[in-house]
Amino acid sequence: MSDRTMADRERELRMLAAVRAYLRDEEGPDLRIPTTAVDRVLDELHQTQTE
C-alpha cells in the first residue's frame, strides 16, 4: 500500500497540469501529451476516496 496521502496526489496532479500547460505554451496547442502519469494518479486518488 502506498504511503501517499490525498494531498500528495492532488499536489502531483497540479504539478502535472502545470507541466502540460508549459509544454503546450512552448510547443503549441497541437502537441500530443501522453496521459499515463495523470491516469495513474487519478486512479490512486479515486481508489483512496472509495476506501
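How many positive and negative side chains does the protein chain have, and how far apart do the centres of the two sets lie? The protein chain has 8 positive and 12 negative side chains, with the centres of the two sets 1 Å apart. Lys and Arg count as positive, Asp and Glu as negative, while His and the chain ends are not counted; the place of a charge is NZ of Lys, CZ of Arg, CG of Asp or CD of Glu.

The model is predicted: local features need pLDDT of at least 70 and side-chain atom pairs count only at pLDDT 80 or more, whereas totals for chains, interfaces and linings use all residues. Residues are numbered from 1 along each chain as its sequence is written, and side-chain values use heavy atoms, with hydrogens and water left out.

**View 1. The protein chain as a whole, with 2 helices and 0 strands.** Helices (H or I, at least four residues) and strands (E, at least two) are DSSP runs numbered from the N terminus. The radius of gyration is 13 Å, well over the 10 Å that the globule rule gives for 51 residues, so the protein chain is more spread out than a compact globule. This radius is taken over C-alpha atoms, and the globule rule is 2.2 Å times the number of residues to the power 0.38. Along the principal axes, the C-alpha atoms fill a box of roughly 40 × 15 × 15 Å. Of the 51 residues, 12% are buried (under 20% relative accessible area; exposed is over 50% and partly exposed in between, with a 1.4 Å probe and protein chains only).

**View 2. The salt bridge between Asp8 and Arg11.** The structure holds 2 salt bridges, each defined as a side-chain nitrogen of Lys or Arg within 4 Å of a carboxyl oxygen of Asp or Glu. In this one, the N to O distance is 2.3 Å. Asp8 and Arg11 are 3 residues apart in helix α1, which means that about one helical turn separates them. Asp8 is partly exposed at 22% relative accessibility, and Arg11 is partly exposed at 46%.

**View 3. The salt bridge between Arg9 and Glu44.** The side chains of Arg9 and Glu44 meet at 3.4 Å, N to O. This pair links distant parts of the chain, with Arg9 in helix α1 and Glu44 in helix α2, 35 residues apart. Arg9 counts as buried, at 4% relative accessibility.

**View 4. A nonpolar surface patch of Met15, Val19, Tyr22 and Leu23.** Together these residues have about 360 Å² of accessible area, computed by the Shrake-Rupley method with a 1.4 Å probe, only the protein chains shown counting as cover for residues. Patches are made of residues with over 30% relative accessible area and no salt bridge, like charges being joined within 9 Å and nonpolar side chains (Val, Leu, Ile, Met, Phe, Trp, Tyr) within 5 Å. Leu23 belongs to helix α1, residues 6–27, and is partly exposed at 32% relative accessible area.

**View 5. Two pairs of residues separated in sequence, Met6 with Gln49 and Arg32 with Arg20.** Met6 lies in helix α1 and is partly exposed, at 33% relative accessible area. Between Met6 and Gln49, 43 residues apart in sequence, the C-alpha to C-alpha distance is 8.4 Å. Arg32 is in the loop between α1 and α2 (36–50) and is exposed, at 77% relative accessible area. The C-alpha atoms of Arg32 and Arg20 are separated by 9.8 Å, the two residues being 12 apart along the chain.
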